[in-house]
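Subject: Structure handover, salt bridges and cavity

Hello,

Here is the structure for your files. The notes below it cover the salt bridges and then the cavity search.

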Amino acid sequence: AVFNKSGAGTTTSSSVAFHNAGTLNVDEGRLELNGGGSSSGVFAIDAGTVLGFGEGPSSFDAASSVTGAGTVEVFGGNPVIFFGGAFSVAGTSISSGVANFNQAAATTGTLTLSGGVLSGSGELTVATSFLWTGGRMGGNGTTTIALGASLVLSGPGTKEFITPDTAYTERTLINNGTAQMSGGQLNMANGGGANPGARLINNGVFTVSDGADIVYTGFGNGLGPAAIVNSVGAVFNKSGAGTTTSSSVAFSNAGTVNVNGGTLDLNGGFTQTAGSIELAGGALSTNGTLDFTGGALSGSGTITGNVNNSGAAVEPGGRGAAGTLTITGNYTQSGGAIMVEIGGTGAGQFDVLSVGGTASPGGTLNGTLINGFTPESGAFFTVLTANSRSGTFAAVTGLLAAQYDATSVMLVASATTMV
C-alpha cells in the first residue's frame, strides 16, 4: 500500500496510531504522526517537506527506512521514537521527547538539538552541521561530526551528556570537523559500574571562545569517568581574553592545545602523552597537577598549580623566542628536558622557568644560543628560579655549564663556549 502526503504549505496531522508496512511518501508540506505506531515500511521525505512526531511512542524496526531530502522533526508533547532501520535524511530537529537511533549507522545532513533527548545504541553521523543549544545526548551510542562538517554549541542553556541510569555506558561525541563552543556549559556524566563515561573525542578543531565550561555531573558511580580526548593531529583552542573555561572532566592530549586568550582551568586532571600545549596570550590553571609524559609545553604565561614532567620538552617562551613560563606551584622533572634559548644578557632576552614552589630538576637541561648571540666568558643566565630547589639535572647539554644554588639554576658561559 502507498500513502501520499501532498499540498504545498499545508500540514496534515494524525492523532491516531499510524502503522506502515508499505510506503509513505511526503511529497509536499508537513505530515505529523502524533498517535504513535509501529512500522516496517518505507518513509520517503522529499526536499522541503517535514515528517514530524509530536506525541506517542513510534517504533521503526530493522526492515524500515526513513530517507530523503526532507527533514525529520521530534517535537511537542514528549514523543518517544525508536529508529531501527535505514535512516538517511537532509535534516533532523529535536526539541522535545526522545529520539533513539538504534541502527548501526544513521546519517543526517543537519542536526538541531534544542531540547529533549538524542539517544540510542547506534551511530548517528552529521554530514553538514550540528547546532546544539539545549537538551541532552544519552544512550551508549555515538554522534559523529563528519570530516568537513561543523559543530556549534551556543547559547546560555546547559547541554547535557547524561543517561540518568547508574548502570549505563554514556554516549560518545566524535568531532572530525570544526567545532565552536560559546555560552552555557556542557555537562558530562560518569558511566555506571566500570562502563565508560561520556566521551568527547576531538579529531578535528575544537574552539572555546568565551567562558563556556565543560563540567562533570554526578550520574554514574565514578568508575568509568567522563573524558575529553584531544587526538593526534587534533587542535583544541581556548580564546577569549578575560574569560575562564573550566573543565572538571579528565582531559588527555596527544594533539595541540593552544591557549590563546583567557584561562583554561583543568581541574578534572590533565595528561599529555604527545603533541603540545602552548601558552600564547592565555593561562592554565589546575587544583592538582598537570602531568606531561611526552610532547611539549611551551610559551610565555602562567600555570597556576603543579606540573609533573616525566618525558616532555618544556620550552619557556616557545621555540625561537625568549620568554618566561611561570608555574605557581611545584615543578617536578624526572625525565624529559627544559629547553632554554639565550639571545642576550638582558631581561627578556633569555628563557626563564619561574617556579613558585619547589623545583625538583631531573632529566635534561639544554641551553641553545639564538639570534646570533655570543656570550662573554663568565656570563651567567638564571634560567630556573624557585622558592626552593631539590636535586640536579641528570644531563646538561649545549655550550653552557650549569651551576646551582638553593633557589635557582644558572647556565654559565666558559672560555670554550664559542670554540
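A salt bridge here is a side-chain nitrogen of Lys or Arg within 4 Å of a carboxyl oxygen of Asp or Glu. Before the results, two points on the source. This is a predicted model, in which local features need pLDDT of at least 70 and side-chain atom pairs count only at pLDDT 80 or more, while totals for chains, interfaces and linings use all residues. Residues are numbered from 1 along each chain as its sequence is written, and side-chain values use heavy atoms, with hydrogens and water left out.

Salt bridges

Searching the whole structure gives three salt bridges. In one of them, arginine 30 pairs with glutamate 32, with 2.7 Å between the closest N and O atoms. Arginine 30 is buried at a relative accessible area of 17%, and glutamate 32 is buried at 13% (buried is under 20% relative accessible area, exposed over 50%, partly exposed in between, with a 1.4 Å probe and protein chains only).

Arginine 30 also forms a salt bridge with glutamate 73, where the closest N and O atoms are 2.9 Å apart. Glutamate 73 is in strand β9 (residues 65-74) and arginine 30 in strand β4 (residues 30-33), so this pair ties together parts that are 43 residues apart in sequence. Strands (E, at least two residues) and helices (H or I, at least four) are DSSP runs, numbered from the N terminus.

Glutamate 315 and arginine 319 meet in a salt bridge at 2.8 Å, N to O. Here glutamate 315 is buried, at 8% relative accessible area, whereas arginine 319 is exposed, at 69%. Through shared partners, salt bridges join Arg30, Glu32 and Glu73 into one network.

Cavity

A cavity is a set of points, on a 1 Å grid over the protein atoms alone, where a 1.4 Å probe fits but cannot get out; lining residues have an atom within 4 Å of a point. Grid points are joined across faces, edges and corners, and a volume is the space filled by probe spheres set on the points.

The whole-structure search finds one cavity of 30 Å³ or more, and the largest cavity has a volume of about 30 Å³. Its lining includes Phe18, Leu33, Phe43 and Phe53. Two or more lining residues come from each of β5 (37-39) and β8 (57-60), and β5 gives the most, with three. The lining of the largest cavity divides into five nonpolar, five polar and no charged residues (Ala, Val, Leu, Ile, Met, Phe, Trp, Tyr, Cys and Pro count as nonpolar, Asp, Glu, Lys and Arg as charged, and the others, Gly among them, as polar).

Regards

Note on methods:
On a 1 Å grid over the protein atoms alone, a cavity is a set of points where a 1.4 Å probe fits but cannot get out, and a pocket is an open set with protein on both sides within 12 Å along at least five of seven lines; lining residues have an atom within 4 Å of a point.
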